[in-house]
Amino acid sequence: MEKADRVNFMKRSFDKDDLIRLGLMAVASAAVVIVLFIFAFIISNSLDSVREVGLWDFISGSIWRPSGGEFGAFPLISGTLLVTLGALMFALPLGLGAAIFISEIAPARYRNILKPICEVFSGIPSVVYGFFGLMVVVPFILNNMPGATQGESWLAGSFMLGIMALPTIITVSEDALNAVPRSYREASLAMGATRWETTIKVVVPAAVSGITAAIILGMGRAIGETMAVLMVTGNAAIVPEPIWNMLSPVRTLTATLAMEMSYVAVGSTHYSALFFLALLLLFIVLLVNFLSNRVMRRTKRKFGCDVKARKKALLKLPRSRIWSEYSHLIMKAVFVILLFVALDSWLGLLYGIVATVAVLALGTAYSRLPSGNRQTVSYFMMATVMATVILLLVLILGHIFMRGLPVLSIDFLTQYPRNAGLSGGIYPAIVGTLKLIVGTMAIALPLGIGAGVYLGEYSRDSRGTRLLRAGIENLNGTPSIVFGLFGFAAFVIYFGMGYSLIAGCLTLAFLILPVIIRTTEEAVKTVPPELKEASLALGASKWETVTKVVLPTAFPGIITGSILAIGRAAGETAPIMFTAVVAYQTRMGSSLMDPVMALPYHLYYLATNVPNAQDQQYGTAVVLLLIVMSIFLAASLLRQYYSKKFKW
Amino acid sequence: MSIILAIAITAVVCIGGMSVLGGGSSEASETELSVTGSTTVQPLMSLFKENFENVTVGVSISITGGGSGQGISSAAQGTADIGMASRALKSSEKTQYPDLVETRIANDGVAVIVGSNAGVTALTMEQIRGVYNGTYTNWNQVGGNDATIVVYNREASSGTRDCFESVVMSGSNFVLTANEVASNGAMKTSVANNQNSIGYVGLGYLDATTNEVTVDGVAPTVQNVTDEVYPIARGLFLLTDGAPTGWAGAFINWILSPSGQEMVAEKGFVPL
Amino acid sequence: MVNEMSNDTLIDIKGLNLWYGQSQALYDVSMPVHKNKITALIGPSGCGKSTLLRTINRMNDIIDSCRIEGDINYNGNNIYAPACNVMSVRKRIGMIFQKPNPFPMSIYDNITYGPKIHGVRKKEELDRIVEDCLKQAVLWEEVKDRLEDSAMGLSGGQQQRLCIARALSVSPEVILMDEPTSALDPIATAKIEDLAQQLKEKYTVVIVTHNMQQASRISDYTGFMYMGKLVEFGETDDIFTRPTQELTERYITGRFG
């Protein structure tokens, strides 16, 4: 209103610009609406079971037996946490080592190759990981691990999740290490520290908040992961016995949802109980996000160098004298005990003791080395870690391409499946995936870009805006299976869309919306203010400035971010498995209300339902990989193209 | 403040819009055929529905679950046009609802399969139950090799598990350490990959690669299921109040036709 | 005076050429650094004075494209000899940077960083080093009650003195200062200058500076560099009062093109 008063000599500008502003605001608030929707649907659907079972019994109950009316989620919660923990134990050393190698050790020209290679990991759809786990890792564990009676296990799940968390951990920690000011390194080197000492004692501690973020992000990805764990953990709803027995089968919350949602009777207690599991999952993820924010704030205060932290740093760090003096000893003792327990449980008492002593002896020998030699040994170890990471990637991709590429043929790509998928092609799955991509883009791009432009250009810091951002933040951390559940309850059942293309597109659009909003906002914010001011100074309206100056300038950022999001959507299985896909189609529907086939689900279906269709399985995996990776490749080519063309 | 208002407005618009979108398809005036009952039959019924609606104009079928008991009572009381049941009518039900007509549309048979090193080819019902409730943990306890039994089970909402549980387990619970897989195919793969395993699949999944065992001496074959001598089997029934007529009759006839029975096989049940 | 010069030469730079990739940054530089004196390097931006400074403790090694010819003799040993241990060179020749760069750790940990790297483990020993170095850097009184606080909370001038204390912690013989006051206000600058004067009793100091007044105030010897070449080197008084080169004269009198 006040704006209208100020510019009343120019009547036209009020209606248009303010309408646009309101419109964009509405679009942005859609993000919050979606979060509210999701919570509302999940909470309201879960109430019945909580009422029936009781909240505490539900969470602490140790038996999950829906057919007998027993809903004890404790083994599922512990399964989720254990698998995540195991994944971290595996991904942390590998991820950090690789990040250190890329950022601190590798010569510059290799750095630019290694990082994209690691990013390829994140382009592999989770169902492909699951497929690889099922075909390679599970049999490997069964045949090679001493004491294994079966391959489906916590170990297999953690291994797969660890690989999946690697790209996040590597790229985010590498960014953090890279961002450590050069002056810290110089200061350390100038004191006669070796490069390795500089890395370990200065660079890594200085980057600790970024590395923490990397770990938490990786952990978030692992907790919410569905397909890969579902296919390899055995899904027995038990707490391993003993608790560190990684060869025991376990079941995660996500796997339970994916397995039991498909045929559960709508409206039953079991149905409601599944929604409560989704709520638990959401709660865990939100808790992790919350903790990560706190940890990051604290570590920033301690190590960070931004202005805000500096003021706070003037306050004395609360640290007891005793702790600071004995912390080293305590940490060492804890490490030795953990090491001993881990090795013991794996190798048995006698060999466990021998192995522990051996590890400690090696460690002591290492620390006694002259610093130069220690650097050589450490560099060698980091290089080994890097090589392992690359080897894993080559192994996964190589295995799938070697067996899948020969299957590809014109017929395979253009024919309908026959004989329940045993023979014939995957034409409808390819088309279905493309339809899903296009539909998802049609919904997510306008909403996401509109909301991003609003946040980047129009919003002020108010309570409403903070609510918006919180909504987007939470939407971003939500596991994809929860989107699937929500899509089922909301679109398929409540709005009566049934299993349909439109329900799948809406669900996927909600999934990628936060990514598009964020990249748009960031891209818009990087447009130099001088440009905007130049346009405004020429008498252009805000909206004209946005459309003619800001958006074209921000376009490369927006487009690459959006393409990456689409790539993610294209490979997702969990969100579409209860909303849009059918396993088998002999003719394709033409309307938005018809269900579709899709490559990720088709691969899941073939891998778990049609055991003899190995050729078809590998062929589908290759086509899926090719589509998703070409999307990612397109994004990175575009980024390179634009970064050469424009430079700010 | 204005943002919160905008959020509220957007919410209303979204819900309204999607309701219209979703409701759009059922606007045309069609005869509605309501089907309710067994969740085992439900997925099969969904498949029937889709395909029947594709070949027929003027009918729309709505399906709800609720269990066999509810299917029987709803059909008898006329709250549903067709009831679904995964068991035959009990004699008490027959006297209570004399007009109720049951039509068998498919059979459901479950074969027990074992890994290559189990060393058994025949098990009794009691032995299978013992393996699945945790009484027996080594194959040598049921006449096989000395090896730990690795038990595979289906997920909780599976109809195959439902059939297996109702016939074999007779009230005792599945051992908690059993692995769970989400489909017949996954079961087959898992059992094939682990030489000490035991699992169960729909009859349609047996082939040269599976090691199925006889149950109480009877082999799991389609013939034995049809003859009702194989124990882990049951019929799937539709119930109508009086002989099926009109759309219900047309629908049930189509189900019994070759194209309907093809769907039966596709879902892993035994066609008639 | 002239005779003494050769006797107390601690570092002797001889015929030094340096390239960054294709472009040459130093041309045939030769000069001595005298023990327990302050040697200043002056010259316009980009003349190579910082580059020259960084060759003395081999900090240019961390730049991949950097290539060096010539010798730098330190106590009679060529630090560019293949057998030379870079780490021990840097331990003997400390460095202070243009911008204060304390590590994001506590004040205490900043100073004990170097000694720990070089093998000092005992708590009492470390405590002694911290107190001693902070006193030498005239910072002890200001921070003795908050050694566990983050060093990032200190003011710019305090941070720079902390960096000096940190450099002293590994008992170097030489301290290289790369425009150490350019990021500081006049008061902090004066403190650092006083400190440099005190330090030369125990250490040899080489300082790169933009500020000619600073060079004339605190240094004993001055080298003037231009376009990668050492134009003139001599006692500070001589350079500032009777330069032999016209270029030097034009520069110090501010008549510089």
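1. In chain A, α19(A) passes α22(A) in a right-handed crossing, a crossing being right-handed if the near helix is turned clockwise from the far one by less than a right angle, and left-handed if anticlockwise. Helices (H or I, at least four residues) and strands (E, at least two) are DSSP runs, numbered from the N terminus. This is a predicted model, in which local features need pLDDT of at least 70 and side-chain atom pairs count only at pLDDT 80 or more, while totals for chains, interfaces and linings use all residues. Residues are numbered from 1 along each chain as its sequence is written, and chains are lettered from A and ligands numbered from 1 in the order in which they are written.

2. Helix α19 (residues 427–458) and helix α22 (residues 501–525) of chain A pack at an angle of about 35°, with their axes 6 Å apart; axes are lines fitted to C-alpha atoms, for helices over the stretch in contact, and angles run from 0 to 180 degrees between N-to-C directions.

3. Chains A and B share the most contacts of the 2 pairs of chains in contact, where two residues are in contact if their C-beta atoms, placed from the backbone, lie within 7 Å. No contact joins chain B and chain C, and their closest C-alpha atoms lie 39 Å apart.

4. Between chains A and C, 28 residues of chain A are in contact with 28 residues of chain C. On the side of chain A that touches chain C, α8(A) gives the largest share, 6 residues.
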